[in-house]
Amino acid sequence: MHSDHGKTPDEGNHPPTAARNARWGMLLFVLYLAGYATFVLAGAFAPAWLAQRPWAGVNLAIWYGFGLIAAALVVALVYSWLCRARDAS
């Protein structure tokens, strides 16, 4: 099976492009990490807050967990968009 997607062999190896992509990746990682760390710290130090049932009888820990999953998908899409190949024109 051939998996040629039309990219040149050295595409993405351009040092300025790689550096820019790494900066975007680190920024998005830190933003996501802040949200995840808040969840972990709340679970450790404020479990009563996560036990609240704000909507549909489901506790906040579950809603926050779903939010983290959705945020991971959004971060991946944003990173993909930010690091897309740009036209030379």
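This is a guided tour of one predicted chain, stop by stop, with what to select at each stop. Because the model is predicted, local features are given only at pLDDT of at least 70 and side-chain atom pairs only at pLDDT 80 or more, whereas totals for chains, interfaces and linings use all residues. Residues are numbered from 1 along each chain as its sequence is written, and side-chain values use heavy atoms, with hydrogens and water left out.

**The whole chain**

Switching to a surface view brings up about 7100 Å² of accessible surface, of which 70% belongs to carbon and sulfur atoms, the areas being computed by the Shrake-Rupley method with a 1.4 Å probe and, for residues, with only the protein chains shown counting as cover. Of the 89 residues in the chain, 11% are buried, where buried means under 20% relative accessible area, exposed means over 50%, and partly exposed lies in between (1.4 Å probe, protein chains only). Among contacts (heavy atoms within 4.5 Å) between residues at least 6 apart in sequence, 57% join residues at least 24 apart.

**Helix α1**

Select N21 next, which is in helix α1 and is buried, with a relative accessible area of 13%. Once neighbours within four places in sequence are set aside, N21 is in contact with Y79 and C83.

Then select M26, F29, V30, L33, Y36 and V40, which form a nonpolar patch on the surface with about 560 Å² of accessible area together.

**The aromatic cluster**

Now show the side chains of F39, W49 and Y64, which ring pairs link into a cluster. Rings of Phe, Tyr and Trp (its six-membered ring) pair if their centres lie within 6.5 Å, and planes under 30 degrees apart count as stacked, over 60 as edge-to-face and the rest as tilted. By this rule the count comes to three aromatic pairs. The pair of F39 and Y64 is tilted, because the ring centres are 5.1 Å apart and the planes stand at 40°; this pair links distant parts of the chain, with F39 in helix α1 and Y64 in helix α3, 25 residues apart. F39 is partly exposed, at 23% relative accessible area. W49 and Y64 make an edge-to-face pair, 6.5 Å centre to centre with 80° between the planes, and here W49 in helix α2 is joined to Y64 in helix α3, 15 residues apart. W49 is partly exposed, with a relative accessible area of 37%.

**The loop and helix α3**

Move on to A56, in the loop between α2 (47-51) and α3 (60-82), which is exposed at 75% relative accessibility. A56 has a positive phi of about 55° although it is not a glycine; most residues other than glycine have a negative phi.

Finish on α3, whose buried residues are L60, Y64, G65, L68 and L82, and these pack against α1 and α2.

Notes:
Patch = residues over 30% accessible without salt bridge, like charges linked within 9 Å, V, L, I, M, F, W, Y side chains within 5 Å. Salt bridge = Lys/Arg side-chain N within 4 Å of Asp/Glu carboxyl O. Helix = DSSP H or I, 4+ residues; strand = E, 2+ residues; numbered from the N terminus.
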